[in-house]
Amino acid sequence: MEVSRRALIGGMAGTGGAALLGGPALAAPAGVRAGGASPPLGPVVIGKDDPRYGYLTTRGANGRFTGRPDSVRLVGSPDQVVQVVGEAMRGGGRVAVRSGGHCFENFVDDPAVRVVIDTSEMNAVYFDPRYQAFAVETGATLGEIYRTLYLGWGVTIPGGACPSVGAGGHIAGGGYGALSRSHGVVADHLYGVDIVVVDRSGNPRRVVATRDSTGPERDLWWAHTGGGGGNFGIVTRYLLRSPQARGRNPADLLPKPPRTYRYCSITWQWDDMNEADFSRLVRNFGAWHEKDAAGPSPYDGLGGGITLSHRESGQPIMVWVHLDEAVPDADRLLRRYAEAVTKDVGAAHQSGFGSQQWIDSALYQGSSWGRVEFKTKAALQRKAWTDAQIGAVHRFLTEGGGTRWGTLVSLSLFGGKINTVPSAATAMAHRDALFMALYDTAWVDAAERDPQLAMMRRLYKEMYAGTGGVPAPGPVNSGAYINYPDVDLADPEWNTSGVPWHALYYRDNYRRLQQVKAHWDPRDAFRHALAIRPSN
């Protein structure tokens, strides 16, 4: 889930021996896995009476939703995806695709979905010399990607903080994380997609669309640089190579992560914190980052954020940030940062400074809630919270009643390199935000669902009361991020702004996305509650 779940705490797949040594691993021949000569698994058809059905229909992280498809099809190769999609189209059944299973809404576990195509066994990560790019199969998790790219070639992608998130939807939606202020979003490094699409007659076929393509194929590539998953077809492989990369050495084709982070952790206990100190802390945090964004700064690569857990959760309030330890005076910079954030905050705090290998941080699982029910709402902000918004957050985090162990609010750092890309250059239009605000709550008892949802919706409406209950793009807000989908934004009961949901997620890029949809998915075979609508 990228950053939000990670905020609570403050074996390589498909890679051969040549890859481990940094050599030119070969592209996989048709029908053969990248890591060896063994044939791929599948396609496996799993019906409702199969003992595996329960596991595969509850892989979705959000326990609010459990699908009841007629079957789950476990696939292991692009050709199998073509086969299964063709069968589904002939049968007239609605299809959905699942990779990591971290979707916040029921895009896969929709009662209308009759066939779920599970790509989790398509998890190879390798270098493809044909395209001079790294190939990442859609079922690979971020943890598998980070480990294989780093151990094989010393490179990475600037993706999310949760290692179990799947590449499938993450990359197509943009993909941001701890390295994004230094290297942009993952989609900025997307060279191409190997995708199964369906024509007007219902016939599936594979298409490779790249940054170097022309015409409709280039538009199809562009749509996957932030247009969101489940809209245009089923991506079987992502091809990754930075646009500025030159030469043929794979180790020069994607960003190199820091060897080590220098980090700063500052925590406060709720028992020591009054409302004035809370307000001062959050105001300090926001003001510092607004000021720092004004020009070039030694903090340009700073990652992290502030996590504000509910008073009754037992978790502390935490600011956690890090810099590449190779940055000159990294420790001194972090200590100056800590002084600025804690200035005039009377509550006692604990500060910790240290170093951590980047790969350890990237693969760290953090705490896990298991498969619980949850609701997450999010907003991209160009400005820090106002005093009124800070007051609303404080009331929300200190009110009693109901389960609160999974209730938190956080601000993650956005901007930096992300904001150097023109908004129309990729489908990811949000190139002017400084913060990603997340509002989370989780519970176990289904009887708490309605009260928890009402509580979260009430807070969000209050936070964005000045713009119709949603972060409508403008001087203060930038909109919303499709990898944190929220169907409330399409509901006129909760969105009274007059700004449609698609303008919140895609801003001015939506019209072009509609044109891509109309060309490549004329039957609207791939759809969900917040899917791109065909232009016709």
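Is Ser265 buried or exposed, and what is its relative accessible area?

A: In this predicted model, Ser265 has a relative accessible area of 16%. Buried means under 20%, so Ser265 counts as buried. The residue lies in strand E10, which covers residues 260-268. Apart from its neighbours within four places in sequence, Ser265 is in contact with Met318, Val319 and Trp320, and also with Gln350, Ser351 and Gly352.

Burial may also be followed along a helix. Helix H3 consists of 14 residues, 78-91. From its first C-alpha to its last, H3 reaches 20 Å, close to the 20 Å expected at 1.5 Å a residue. Its buried residues are Pro78, Gln80, Val81, Val84, Val85, Gly86, Ala88 and Met89. The buried residues of H3 are covered by several strands, including E2 (71-74), E3 (95-98) and E4 (115-118). Strands E7 (190-198), E8 (204-210) and E9 (234-240) are also among what covers them. Just after H3, Gly92 adopts a positive phi of about 75°.

Helices may also be considered in pairs. Two packed helices are described by the angle between their axes and the distance between the axes. For helix H8 (residues 275-292) and helix H9 (residues 330-342), the axes come within 7 Å and cross at roughly 130°. H8 and H9 are therefore oblique to each other. On the H8 side, the contact is made by Leu281, Asn284, Phe285, Trp288 and His289, and on the H9 side by Tyr337, Ala340, Val341 and Thr342. By class, six residues of this contact are nonpolar, three are polar and none is charged.

A second pair is formed by helix H11 (residues 387-398) and helix H12 (residues 449-463), whose axes come within 9 Å and cross at roughly 165°. This angle makes H11 roughly antiparallel to H12. Their crossing is right-handed. H11 contributes Gln389, Ala392, Val393, Arg395 and Phe396 to the contact, while H12 contributes Met455, Met456, Leu459, Glu462 and Met463. The contact of H11 with H12 has seven nonpolar residues, one polar residue and two charged residues.

To return to the residue in question, Ser265 is a buried residue of strand E10, and its contacts include Trp320 and Gln350.

Methods:
Residues are numbered from 1 along each chain as its sequence is written. This is a predicted model: local features need pLDDT of at least 70, side-chain atom pairs count only at pLDDT 80 or more; totals for chains, interfaces and linings use all residues. Side-chain values use heavy atoms; hydrogens and water are left out. Helices (H or I, at least four residues) and strands (E, at least two) are DSSP runs, numbered from the N terminus. The expected span of a helix is 1.5 Å times one less than its number of residues. Buried means under 20% relative accessible area, exposed over 50%, partly exposed in between (1.4 Å probe, protein chains only). Contact means heavy atoms within 4.5 Å. Axes are lines fitted to C-alpha atoms, for helices over the stretch in contact, and angles run from 0 to 180 degrees between N-to-C directions. Angles under 35 degrees count as roughly parallel, over 145 as roughly antiparallel, 65 to 115 as roughly perpendicular and the rest as oblique. A crossing is left-handed if the near helix is turned anticlockwise from the far one by less than a right angle, and right-handed if clockwise. Ala, Val, Leu, Ile, Met, Phe, Trp, Tyr, Cys and Pro count as nonpolar, Asp, Glu, Lys and Arg as charged, and the others, Gly among them, as polar.
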